[in-house]
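Keep the 3D view open while reading.

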Amino acid sequence: MARYTIIVSTMDFASVNIRDSLFKLAFWEKVQGDGRFRFHRHGDFELAEIDDYHVFQDGVDRALEAAGHRPEKLIFASKHRSKDGRKTLTVHHTGNFGEGKFGGRPRELATAAPRVALALLKGLKASVTAYQVSYEATHHGPSDLLVPSVYVEIGSTEAEWRDPAAGEAIARAILNVREDPDATVYVGIGGNHYAPRQTALALEANTAFGHIVADHAVPLLDERLLAMAFERSGTKLAYVDRKSLSGEQRKRVDGMIKALGGEAHTESYIRDVALNPV
């Protein structure tokens, strides 16, 4: 079993860029693959190349196991596309609160890897200045993943996808992943797609986020989906970006959290606990 399996798509410029940097930074042993995967191994890491887009890889964890390469955690190395063209390095989990327009199944969330995501975010923030580093809210496929997984991406245009500096920054962050068992895990609710408050709490208060529900997805949230977000993030704690929600939305979200036996913590509470641990 590989501790971390990196999924690289040859259809994705950014993914290939990150792969090439990984190969430059460390020695990778080529190991036997099959018709779908090509494998390389380095220490705790295995790299699995595919010739299809990441977002359509529902069930890839079981396919890897069937090929004799059972993963413990999955890291998808990918591109991020944005109309505003901002230079970004982003980390997020996958799944759909509504229909699955871009891979995955409707109203299904993949199993998240919150402490891996936190480690990647911190590693990126420490190594680059030309790119904005942030979480993104949960979006797109794959959604049918039982093994914990996370996406790390270069955005937002082909110029950035092919930028060797961006590829190297992500490759280094992957190779330097160290999960902090003391980081408290939360589900995030509210805020824009780039989750600015959740990103700040992660970087400044060592808070690990699993699934993050952006403002536009809050109306789609119901008890079943919130229960799935808690379960597949491995927590019953929620951080609600209350300033981004209407009074009616806050009341509805608070009611669902309470009904599911969860706890909602404020930003000041999370920061106080981080500064004054028991």
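Eight strands make up an open sheet with mixed pairing, and reading across it gives S2-S3-S4-S1-S5-S10-S6-S9. At its edges sit strand S2 (29-31) and S9, each of which pairs on one side only. Leaving direction aside, neighbouring strands here are turned by 25° against each other on average. Bear in mind that this is a predicted model.

Now for the pairings inside that sheet. S1 and strand S5 (residues 74-81) run parallel and share 4 bridges; within this pair, Ile 6 has Ile 75 in S5 as its bridge partner. S5 also pairs with S10, again in the parallel sense, over 8 bridges, and there Leu 74 stands opposite Ser 149 in S10. On the S6 side, S10 is joined by 5 bridges and the two strands run antiparallel. Leu 89 finds its bridge partner, Ile 154, in S10. As background, strands of a sheet pair through backbone hydrogen bonds, in either a parallel or an antiparallel way.

How many residues of S10 are buried? The count is 8 of 8, so this strand is mostly covered. Two helices touch S10. H1 lies across S1, strand S3 (38-42), strand S4 (45-50), S5 and S10, and runs at about 130° to S1. Helix H5 (residues 164-175) also packs on the sheet, where its contacts are S1, S3, S4, S5, strand S6 (88-92) and S10; the direction of H5 makes about 165° with that of S10.

Met 11 sits in the loop between strand S1 (4-9) and helix H1 (13-25). Together with Tyr 53 and Phe 56, Met 11 makes a nonpolar surface patch of about 300 Å². Is Met 11 buried or partly exposed? It counts as partly exposed, because its relative accessibility is 41%.

On to the other sheet. An open sheet of 4 strands is ordered S12-S11-S13-S14, and its pairing is parallel. Strand S12 (207-213) and strand S14 (263-265) are at the edges with a single partner strand each, so one side of each has no neighbour in the sheet. Neighbouring strands are turned by 40° against each other on average here, direction ignored. Strand S13 (residues 237-240) pairs with S14 in the parallel sense over 3 bridges, and Ala 238 stands opposite Ala 264 in S14. Helix H9 (residues 267-275) packs on this sheet and touches S11, S12, S13 and S14, with its direction at about 80° to that of S14. Helix H3 (residues 114-127) lies across strand S11 (184-189) and S12, running at about 110° to S12.

Helix H7 (residues 223-233) has a set of buried residues: Leu 225, Leu 226, Met 228, Ala 229, Phe 230 and Ser 233. In an α-helix there are 3.6 residues a turn, so residues three or four places apart point the same way. After H7 comes Gly 234, with a positive phi near 75°.

Most residues other than glycine have a negative phi, and most peptide bonds are trans. Here are the spots that stand out against that background:

| Site | Feature | Value |
|---|---|---|
| Gly 141 to Pro 142 | cis peptide bond | omega about 0° |
| Gly 155 to Ser 156 | cis peptide bond | omega near 15° |
| Ala 195 | positive phi, not a glycine | phi about 45° |
| Asn 206 | positive phi, not a glycine | phi about 50° |

Ala 195 is in the loop between S11 and helix H6 (196-205), and Asn 206 is in the loop between H6 and S12. Asn 206 counts as partly exposed, because its relative accessible area is 23%.

Technical notes: Residues are numbered from 1 along each chain as its sequence is written. This is a predicted model: local features need pLDDT of at least 70, side-chain atom pairs count only at pLDDT 80 or more; totals for chains, interfaces and linings use all residues. Side-chain values use heavy atoms; hydrogens and water are left out. Patches are made of residues with over 30% relative accessible area and no salt bridge: like charges are joined within 9 Å, nonpolar side chains (Val, Leu, Ile, Met, Phe, Trp, Tyr) within 5 Å. Accessible areas come from the Shrake-Rupley method with a 1.4 Å probe; for residues, only the protein chains shown count as cover. A salt bridge is a side-chain nitrogen of Lys or Arg within 4 Å of a carboxyl oxygen of Asp or Glu. Buried means under 20% relative accessible area, exposed over 50%, partly exposed in between (1.4 Å probe, protein chains only). Two strands pair if DSSP finds at least two bridges between them. Axes are lines fitted to C-alpha atoms, for helices over the stretch in contact, and angles run from 0 to 180 degrees between N-to-C directions. Contact means heavy atoms within 4.5 Å.
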